[in-house]
Amino acid sequence: MATSLASQLAKIRVESTNALDLKAQKKAHSKSLLFDAHHAATQDFDTLFQLCHEGYQELCQLDPRFEAFAGNLFSEQSKQEDRTQMTAAQNK
């Protein structure tokens, strides 16, 4: 029983994201396709949102089919949502 409990707790620890774990947050936020890890860790959300929004607008100029996603991707509500805490159905 103790082994089962220990394995369950280990699984929860791996899968959970603790908002108070600053070291884990910094590590997670330092992964980036745009910046090196050190630079990515120093970027705030509003800066990244603006950068991505500008890139999205350029993409829409190249291919207007992407314009349909503006309300979901770059709305004020999207700034408040933590997609890592949403279910797969909510992320669709």
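This section describes the fold, surface and selected side-chain contacts of one protein chain. The structure is a predicted model, in which local features need pLDDT of at least 70, side-chain atom pairs count only at pLDDT 80 or more, and totals for chains, interfaces and linings use all residues. Residues are numbered from 1 along each chain as its sequence is written, and side-chain values use heavy atoms, with hydrogens and water left out.

The chain contains six helices and zero strands. Its elements run α-α-α-α-α-α from the N terminus. Helices (H or I, at least four residues) and strands (E, at least two) are DSSP runs, numbered from the N terminus. Of the 92 residues in the chain, 11% are buried. Buried means under 20% relative accessible area, exposed means over 50%, and partly exposed lies in between (1.4 Å probe, protein chains only). The chain exposes about 8200 Å², and carbon and sulfur atoms supply 58% of that area. Accessible areas come from the Shrake-Rupley method with a 1.4 Å probe; for residues, only the protein chains shown count as cover. Among contacts between residues at least 6 apart in sequence, 23% join residues at least 24 apart. A contact means heavy atoms within 4.5 Å.

Phe-49 lies in helix α4. Phe-49 counts as buried because its relative accessible area is 13%. Leaving aside residues up to four places away in sequence, Phe-49 touches Leu-73, Phe-74, Ser-75, Ser-78 and Lys-79. Phe-49 and Leu-73 are 24 residues apart along the chain, and their C-alpha atoms are separated by 9.8 Å.

Leu-73 belongs to helix α5, which spans residues 70-73. Leu-73 is partly exposed, at a relative accessible area of 45%. Together with Leu-59, Leu-62, Phe-66 and Phe-69, Leu-73 makes a nonpolar surface patch of about 490 Å². Patches are made of residues with over 30% relative accessible area and no salt bridge; like charges are joined within 9 Å, and nonpolar side chains (Val, Leu, Ile, Met, Phe, Trp, Tyr) within 5 Å.

Gln-43 is located in the loop between α3 (37-41) and α4 (45-62). The Gln-43 side chain makes a polar contact of 3.1 Å with the side chain of His-39. Another polar contact, of 3.5 Å, links the side chains of Gln-43 and Thr-42. A polar contact is a pair of N or O atoms within 3.5 Å; within protein, one must be able to donate a hydrogen and the other to accept it, and residues adjacent in sequence count only if both atoms are side-chain atoms. Not counting residues up to four places away in sequence, Gln-43 also touches Phe-35 and Leu-48.

The count of salt bridges is one. A salt bridge is a side-chain nitrogen of Lys or Arg within 4 Å of a carboxyl oxygen of Asp or Glu. The side chains of Asp-63 and Arg-65 form this pair, at 2.6 Å from N to O. Asp-63 is buried, with a relative accessible area of 17%. Arg-65 is exposed, at 66% relative accessibility.

Zero disulfides were found in a search of the whole structure. A disulfide is taken as a pair of cysteine sulfur atoms within 2.5 Å. Cys-52 is partly exposed, at 36% relative accessibility. Cys-60 counts as buried because its relative accessibility is 9%.
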